[in-house]
Amino acid sequence: MSDISRTLDTKHTARATAPQPIAHDERAIRPQFWQHYALNELNDEEWEALCDGCGTCCLVKFLDDDEDDIVEYTDVACKLMNCSTGHCQHYETRQDYVPECIQLTMDNLPEMMWLPAHCAYKRLYQGQSLPDWHLLITEDAAKTRAGMQAANVGIAGRCISEQSIDEDAMEMRIVNWVTT
C-alpha cells in the first residue's frame, strides 16, 4: 500500500464528472443502441444516456503512479457535487469551475479503467452488458434507483464536499463501497 500515491496533486488524483440526468431527445437515441453499436458509433445523446448518474467518478480518488488499476476512492466529492442528490450542480459549464474535470470520451476511456465496475462505459468497453438496474434496461427511474440502492451504487447521501474538508484529511476518507 505504500506504493499508492496519496498526494492531491491533480496529475495524481483522478477526477471526472458524472453527467447530470438531462432530458434526452428520444429521436436521437436508437432502440437498444448499446447492443447494436460500438461505443465509437454512438451519437452524443446515446453517449450521455449511458451514464447511470451514480456520481462515483466525481469522488476524489488516489491512483497508483505505477499501476493504473490500483485505486482508492474517498467519500469526498467535487465541489460542484450536490451530495444530497448525487448530481453536478453545473454539469454543462463544469469546466469553467473545475478546469481539471475530465470529460469522458471514447478516446480517453481506455485510460480510465479506474471507473467503478458498474459503469456502463467501462462495462461496454470490456464487452459486458449493462447492469440489470440501468435506466436503459428498466425504463423506470424508480426501479433504477431501487436497483442502484440494492447494488450499493451511488454517492447521493454518502459523500461530503471537498470544500468542507482539509486536503490533509482526505486520505482518512477512503471508502470500500466502490468496486473497480
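Gln 32 is partly exposed, with 42% relative accessible area; here buried means under 20% relative accessible area, exposed means over 50%, and partly exposed is in between (1.4 Å probe, protein chains only). Before going further, a word on the model: it is predicted, so local features need pLDDT of at least 70 and side-chain atom pairs count only at pLDDT 80 or more, while totals for chains, interfaces and linings use all residues. Residues are numbered from 1 along each chain as its sequence is written, and side-chain values use heavy atoms, with hydrogens and water left out.

Back to our starting point. Gln 32 sits in the loop between β1 and α1. Its backbone has a positive phi of about 45°, although Gln 32 is not a glycine. Most residues other than glycine have a negative phi. Asn 152 also has a positive phi, of about 65°, and is not a glycine either. You will find Asn 152 in the loop between α6 (141-150) and β6, where Asn 152 is partly exposed at 38% relative accessibility.

Now let us step back to the whole chain. The protein has six helices and six strands, where helices (H or I, at least four residues) and strands (E, at least two) are DSSP runs numbered from the N terminus. Read from the N terminus on, the order of elements is β-α-α-β-β-β-β-α-α-α-α-β. Of the 180 residues in the protein, 46% are buried. The accessible surface comes to about 9900 Å², and 45% of that belongs to carbon and sulfur atoms; such areas come from the Shrake-Rupley method with a 1.4 Å probe, and for residues only the protein chains shown count as cover.

How much of the contact total comes from residues 24 or more positions apart? Among contacts with a separation of 6 or more, these pairs account for 63%, a contact being heavy atoms within 4.5 Å.

The loop between β1 and α1 also holds Pro 31. Pro 31 is exposed, with a relative accessible area of 70%. The C-alpha atoms of Pro 31 and Leu 136 are separated by 9.6 Å, while the two residues are 105 residues apart along the chain.

Next come the charged pairs. Side chains of opposite charge can pair when their charged atoms come close. A search of the whole structure finds two salt bridges, each defined as a side-chain nitrogen of Lys or Arg within 4 Å of a carboxyl oxygen of Asp or Glu.

One of them joins Glu 46 and Arg 30, with the closest N and O atoms 2.6 Å apart. This pair links distant parts of the chain: Glu 46 belongs to helix α2 (residues 44-49), Arg 30 to the loop between β1 (13-14) and α1 (33-36), and they are 16 residues apart. Is Glu 46 buried or exposed? Glu 46 is buried, with a relative accessible area of 0%, whereas Arg 30 is partly exposed at 26%. Leaving aside neighbours within four places in sequence, Glu 46 is in contact with Ala 28, Ile 29, Arg 30, Phe 33 and Glu 41.

The other salt bridge brings together the side chains of Arg 173 and Asp 75, at 2.6 Å from N to O. Here, too, distant parts of the chain are linked: Arg 173 lies in the segment after β6, Asp 75 lies in strand β3 (residues 71-77), and 98 residues separate them. Arg 173 counts as partly exposed at 27% relative accessibility, and Asp 75 counts as buried at 11%.

Strand β3 also contains Glu 72, which is buried at 8% relative accessibility. Between the C-alpha atoms of Glu 72 and Arg 173 the separation is 9.8 Å, although the two are 101 residues apart along the chain.

Which residues form a negative surface patch? The patch is made of Asp 166, Glu 167, Asp 168 and Glu 171. Patches are made of residues with over 30% relative accessible area and no salt bridge, with like charges joined within 9 Å and nonpolar side chains (Val, Leu, Ile, Met, Phe, Trp, Tyr) within 5 Å. Lys and Arg count as positive and Asp and Glu as negative, while His and the chain ends are not counted. Asp 166 is in the segment after β6 (160-161), and Asp 166 is partly exposed, with a relative accessible area of 49%.

Note on methods. The place of a charge is taken as NZ of Lys, CZ of Arg, CG of Asp or CD of Glu.
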